[in-house]
Amino acid sequence: MTVTITVNGTQHTHSVEPRLLLIHYLREHLSLTGSHIGCETSLCGACTVELNGKAVKSCSIFAVQCNGAQVTTIEGLATGDRLHRVQEAFWNEHGAQCGFCTPGMVMVSKQILDRNPDPTEAEIRHGLEGNLCRCTGYQHIVKAVQAAARVRA
Amino acid sequence: MIPQQFEYSAPKSLAEALALIADGGKPLSGGMSLIPMMKLRLAAPDRVVDLARIAELSYIREQAGSIHIGATTTHHEVESSAVIRAKCPLLAETASFIGDVQVRNLGTIGGSVAHADPSADYPAALQALEAKIVIKGAASERTVSADDFFVDTFTTALEPGEIVTEVIVPVEAASTGTSYQKLLQPASGFAIVGVAARIQKSGGKITLARVGVTGLSNRAFRAAATEQALTSGTAVQAAADVVAQAIDANSDLYASAEFRAHLAAVYAARAIDAAIRRTS
């Protein structure tokens, strides 16, 4: 069936199979490979994108469900050469090691701060529960979210 | 992991959806259980009927001492609803512990109860709240208690062609204390054991005790022995210790039946203690 989805501000129309997952639509139809496929079982969060302003795991939603929606991926966060404050904070605080989980971490961190501009450490950790990192031990990721919170957008 | 092919429908009205479901279509709500099952090919429906575009299924309404919650209301909408936080805080607290942010953004209350995972969080709260579940089919409409709704593992009172359209919870008296406490499976966030408690006190005595338990057995249930012990003046830990009495506890990779029963007593005591502290 035909779907029209606005991704990072650009409207796209494609004919897709209903079983096509959003992550495959983004990576294979639009060549937006920033969102990663980690576990494929909705546990790791590496595929997190924003759907109509809400963080979702794009491996667990079909592209057809997103017909008419606005999607933002990690590629859509920066403004020109200016990184989003969450990206900047991950850079400054060494929130990434291998970087595989980072796109999802950044997207969910943005959601945490959009909903709660001044979260406690416990609230940040609760917000990150759906995203797994196998390198950092999460400490620098939490610090990055705290640093981003200090920078008012 | 690619699901088997299927036809997709996204009706705008409930009547249209119920006609498609009566014809064998599989209802899709938030998809947080169904889509992973389709990816694993544990589910392979020929037609998926997406309920997300049916505006008449998404609402939170206070009405005559109850709160009516439309089936496609997401966990995030429940946890952040001013009405539910103020008037049925147990449900808001329980919703905030489901899965993770991303799951709560898509997953729905109707989908969760219809799926009836024996480790899901909502059923414990809905049992403690003595909630009602509204069920509709193309030619039927009925309301059943949470206790009658949750029949067995992944098995509910839903007949073929029927869906959950609404969940009804009570407006809580301001003096009631409530708490949901769970031990979560660290990867999935599901409750290894979860206990929801509702307590009312009068003159230093517990006058009402409702204790809902999930994760322990094949279905979420009300722990009658614990409730009776509390209202007859038994100390909290002693009352919590009988929570798994006569229950056939689940056993899996994460927790043996014996350990789960032990955890149930520990988390029941924590939930009851917290609920008592919140009474006024």
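## Reading the interfaces in a two-chain model

Guide: Let's start inside chain A: the centres of its domain 1 and domain 2, taken over C-alpha atoms, are 21 Å apart. Keep in mind that this is a predicted model.

Visitor: Which residues belong to domain 1 and domain 2 of chain A?

Guide: The domain assignment puts 2-73 of chain A in domain 1 and 85-150 in domain 2.

Visitor: How many residues of each are in contact?

Guide: Domain 1 of chain A brings 17 residues and domain 2 of chain A brings 13. Together the two domains bury about 1100 Å², and carbon and sulfur atoms give 55% of that. On the domain 1 side, His36(A), Thr48(A) and Glu50(A) supply 36% of the area buried against domain 2, more than any other three residues.

Visitor: Glu50(A) has an acidic side chain, I take it, so how do I read charges here?

Guide: The general idea first: side chains of opposite charge can pair when their charged atoms come close. Between domain 1 and domain 2 of chain A the count is one salt bridge. Lys110(A) and Glu50(A) make a salt bridge, with 2.8 Å between the closest N and O atoms.

Visitor: How many residue pairs are in polar contact across that domain interface?

Guide: Eight, counting pairs with both residues at pLDDT 80 or more. As for which elements line the domain 1 side, strand E3 (48-51) and strand E4 (54-57) of chain A each supply at least two of the residues that touch domain 2. By class, that side has six nonpolar, eight polar and three charged residues.

Visitor: On to chain B. What does its domain assignment give?

Guide: Three domains: domain 1 (7-50), domain 2 (55-170) and domain 3 (177-277) of chain B. The centres of domain 1 and domain 3 of chain B, over C-alpha atoms, are separated by 34 Å.

Visitor: And how many residues of chain B and chain A does their contact take?

Guide: 29 from chain B and 34 from chain A. The two chains bury about 2600 Å² between them, 58% of it on carbon and sulfur atoms.

Visitor: Which residues form a salt bridge between the chains?

Guide: Asp100(B) pairs with Lys57(A), the closest N and O atoms lying 2.8 Å apart.

Visitor: Which helix gives the most to the side of chain B that touches chain A?

Guide: H6(B), with five residues. Helix H2 (34-39) and helix H6 (101-106) of chain B each supply at least two residues there. Sorted by class, this side of chain B has 13 nonpolar, ten polar and six charged residues.

Key:
Residues numbered from 1 in each chain as written. Chains lettered and ligands numbered in written order. Predicted model: local features only at pLDDT ≥ 70, side-chain atom pairs only at ≥ 80, totals over all residues. Heavy atoms only, no water. Domains from an automatic or database assignment. Contact = heavy atoms within 4.5 Å. Buried area = accessible area lost by both parts, 1.4 Å probe. Salt bridge = Lys/Arg side-chain N within 4 Å of Asp/Glu carboxyl O. Polar contact = N/O pair within 3.5 Å; in protein donor to acceptor, adjacent residues only side chain to side chain. Helix = DSSP H or I, 4+ residues; strand = E, 2+ residues; numbered from the N terminus. Nonpolar A, V, L, I, M, F, W, Y, C, P; charged D, E, K, R; others polar.
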